Amino acid sequence: NKKQFQVDVQLKKIFPDHTDVYHVPHGQSDQDIARHFINEIGTDDPFYIVDVSHYPKQYMKWKCYFPDIQVFYAMKTNDNDFLIKIIERLGGGFDCASINELKTVLALCPDIDCSKRIIYAHPCKPISHIKYFQEKNVQLTVVDNEDELIKLEKHWPNVQILIRLKTKDSKSLISFSDKFGANEHIATRLFQLAKKLNLNIVGCAFHVGTGCYDDNAFQHALQFAQQIFHIAKKYQFHLTILDIGGGFPGFDEDHRPSFSQLAQTIQQSLDEYFPQRENIQIIAEPGRYFAAASMDLVASIIACRSNNKDYLNFSSKEEKENVDKDLIDNIYYINESTYGSLSNILYENTTYSITCLRKEHSQLVEHDETKYKSIVYGPTCDSLDIVSLGVDLPLLNIGDHLLFYHVGAYSSSLSMKFNGFQTTKYYYIWKD
Ligand code: PLP
């Protein structure tokens, strides 16, 4: 019922210049919502459904578990306008890693105080980017090597510096510590060099890897941070900022440790390693936590290669039951790709949960709920573009849709336009 999806008037008042957000009444399932937009558009273009109400909910949840830890949302995860504006309105800051990420924040939040609410959280910075951040009055960055300190002495001598530490992050979906981070020895040398260069180290930062599956990762990292705070004193640096990075799950279903378990570990470790922390500002750079569950993707079947057409022609139930289902394979081609918003299938080994939305009067599927091993390919000419090998799906037809859940993190931001395919349609909703 179209009338049920009305433009949310409150949000229109808050964000008058922005795309409409449809208010979704209580009780509508994700499938109902997807069907609504499918019927509304009537084309086979893929699209995202963005639940704007997810952002303040996640922010409130964060503040319940971490009342004293300030959010610096990691822009790389998803640069959705609403997400950025809502984080800013609620008092959060941003982790920007490039000129373009900072420009995006500034375009949406022109009055933001960059000196307090932006961290240039990349340990290896191009000089042109350093100049831009400095020009915009950003005052905080991270460093993990001596050459970077020398660069900063020349180009940004008054910046406040956090030492980025290595962590034990091998159990995370993607670990960062091979590429970034100082061990104790390097951190000590950074203090020595910073002293010589008259640079200002004010704290330390770490990241336990994105998609943290290790309950102890934060505990180890915080213990290491305590050591670094201690070493800093030897070189007359008084550290006041502790940045605990990201790594938090975007949704808790089947994710262990869950967000609340991680939060508990972090609080306990803070109490153990930083019992007197009144004068320490603790910040974090969550990305996936805010973005992952905010977006679903609807793609449609644009072609299929069904090896079981014969099967469909069997008329009797017995004939159908006698077929070896494992031998039946259906191949579907959809209009979203691993080069597009589904790239985490390759990078993170993600298996998305998929719901089929079949056309209401599809003759092929009538009364048949049986699921068959199926292959789903993306639309590009590349045979590596495999969305799923061997997923159990009912018989589908061209024009049916697949709904992929929780595609909000590192999806649209990684999407490229290979072969000219790219999902560009967004529908925004606010769940009651
Ligand atoms: N901070 C830094 C420096 C990162 O590199 C990343 C992710 O790549 C994040 C924060 C966000 O991490 P997550 O999405 O796991 O919260």
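Predicted model: local features only at pLDDT ≥ 70, side-chain atom pairs only at ≥ 80, totals over all residues.
## The annotated sites

Let's start with what the record says. UniProt, in an unreviewed entry, puts the feature "active site" at Cys381. In the model, Cys381 sits in the loop that runs between strand E15 (371-377) and strand E16 (386-394). Cys381 has 8 other C-beta atoms within 10 Å, and a residue with 12 or fewer counts as exposed, so Cys381 is exposed.

The unreviewed UniProt entry also lists Lys76, this time for "modified residue: N6-(pyridoxal phosphate)lysine". Lys76 is in a loop too, between strand E4 (69-74) and helix H4 (81-89). Is Lys76 buried or exposed? Lys76 has 22 other C-beta atoms within 10 Å, and the cut-off for buried is 20 or more, so Lys76 is buried. Leaving aside residues up to four places away in sequence, Lys76 touches Ala97, Glu101, Gly287 and Ser413.

## Around the ligand

The ligand has 16 residues around it, and the closest are Ala74, Thr210, Gly246, Gly287 and Arg288. Gly287 also turns up among the contacts of Lys76. By type, the shell around the ligand splits into five nonpolar, seven polar and four charged residues.

## Helix H10

Helix H10 covers residues 217-234, which is 18 residues. At 1.5 Å a residue it should span 26 Å, and its end C-alpha atoms are 27 Å apart, so the two figures agree. The buried residues of H10 are Ala217, Phe218, Ala221, Leu222, Phe224, Ala225, Ile228 and Ala232. They take up an arc of only 160° around the axis, so they are on the same side of H10. As a rule, an α-helix has 3.6 residues a turn, so residues three or four places apart point the same way.

What do the buried residues of H10 pack against? Their partners are strand E8 (160-165), helix H9 (184-197), strand E9 (200-206), strand E10 (241-243) and helix H11 (259-273). Over on the other side of H10, His230, Lys233 and Lys234 are exposed. Just past the end of H10, Gln236 has a positive phi of about 60°.

## Helix H8

Helix H8 (residues 146-155) has Glu148, Leu149 and Leu152 as its buried residues. Looking down the axis of H8, they fall within an arc of 100°, so they line one face of the helix. The face turned away from that buried side carries the exposed residues Asp147 and Lys154.

The buried residues of H8 pack against strand E7 (140-143), E8 and H9. E8 and H9 are also among the elements that the buried residues of H10 pack against.

Leu242 is part of strand E10. It has 25 C-beta neighbours inside 10 Å, so it counts as buried. Leaving out residues up to four places away in sequence, Leu242 touches Gly203, Cys204, Ala225, Ile280 and Ile282. Ala225 is one of the buried residues of H10. The C-alpha atoms of Leu242 and Ile280 are separated by 6.9 Å, with the two residues 38 residues apart along the chain.

Pro25 lies in the loop between strand E2 (21-24) and helix H2 (30-41). Pro25 has 11 other C-beta atoms within 10 Å, so it is exposed. Pro25 and Trp430 are 405 residues apart along the chain, yet their C-alpha atoms are separated by 8.6 Å. Not counting residues up to four places away in sequence, Pro25 touches Gln4 and Asp432.

Methods
Residues numbered from 1 in each chain as written. UniProt positions renumbered as here; feature names shortened; annotations may be inferred. Helix = DSSP H or I, 4+ residues; strand = E, 2+ residues; numbered from the N terminus. Near = placed C-beta within 6 Å. Nonpolar A, V, L, I, M, F, W, Y, C, P; charged D, E, K, R; others polar. Expected span 1.5 Å × (residues − 1). Arc of directions from axis to C-beta. Contact = placed C-beta atoms within 7 Å.
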